Amino acid sequence: MLDTTEPTTPGTLTRTASCSGTNRTVALNWGASSDAHLVGYRVYRSTDGLSWAIVSSTTGLAASDTTAKSLTSVRYRIAAYDRAGNESTAGNTITLSKNQCS
């Protein structure tokens, strides 16, 4: 039987940010999703709030990303996915403004 059930939405996304020179590194953490066939999580980033791109995939509950701190804004969200390719609804969105380093 084909698995068509998407994983539950990951828990609340939190972040810490730090800057070095012209770069900003964001450490992201979130709560676990549940699904019998959970594979992992996809980290999405948007610089315009409209288009989202996968920047990494992980089996854990943490990831980091480095961008230029001069970007007007950067948004992150996390979605869980399972072996059948079903993807959860993305959890909350984190937004960092230009030159935000904390």
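Residues are numbered from 1 along each chain as its sequence is written. In this predicted model, local features need pLDDT of at least 70 and side-chain atom pairs count only at pLDDT 80 or more, while totals for chains, interfaces and linings use all residues, and side-chain values use heavy atoms, without hydrogens and water.

Student: How many helices and strands does the protein chain have?

Tutor: Let's start with the rule: helices (H or I, at least four residues) and strands (E, at least two) are DSSP runs, numbered from the N terminus. Reading along the sequence gives the pattern β-β-β-β-β-β-β. The count is therefore zero helices and seven strands.

Student: Is Asp82 buried or exposed?

Tutor: Good one to check! Asp82 sits in strand 6. Buried means under 20% relative accessible area, exposed over 50%, and partly exposed in between (1.4 Å probe, protein chains only). Because its relative accessibility is 2%, Asp82 counts as buried.

Student: Which residues is Asp82 in contact with, leaving aside its neighbours within four places in sequence?

Tutor: Contact here means heavy atoms within 4.5 Å. Thr67 is 15 residues from Asp82 along the chain, and their C-alpha atoms are separated by 28 Å. The residues in contact with Asp82 are Asp3, Thr5, Pro7, Asp35, His37, Leu38 and Val39.

Student: What backbone nitrogen lies 3.1 Å from a polar atom of the side chain of Asp82?

Tutor: We stay with Asp82, whose place is in strand 6. At 3.1 Å from a polar atom of its side chain lies the backbone nitrogen of Ala84.

Student: What is the phi of Asn99?

Tutor: Most residues other than glycine have a negative phi. Asn99 lies in the segment after strand 7 and counts as partly exposed because its relative accessibility is 44%. Although Asn99 is not a glycine, its phi is positive, at about 60°.

Definitions and conventions:
A polar contact is a pair of N or O atoms within 3.5 Å; within protein, one must be able to donate a hydrogen and the other to accept it, and residues adjacent in sequence count only if both atoms are side-chain atoms.
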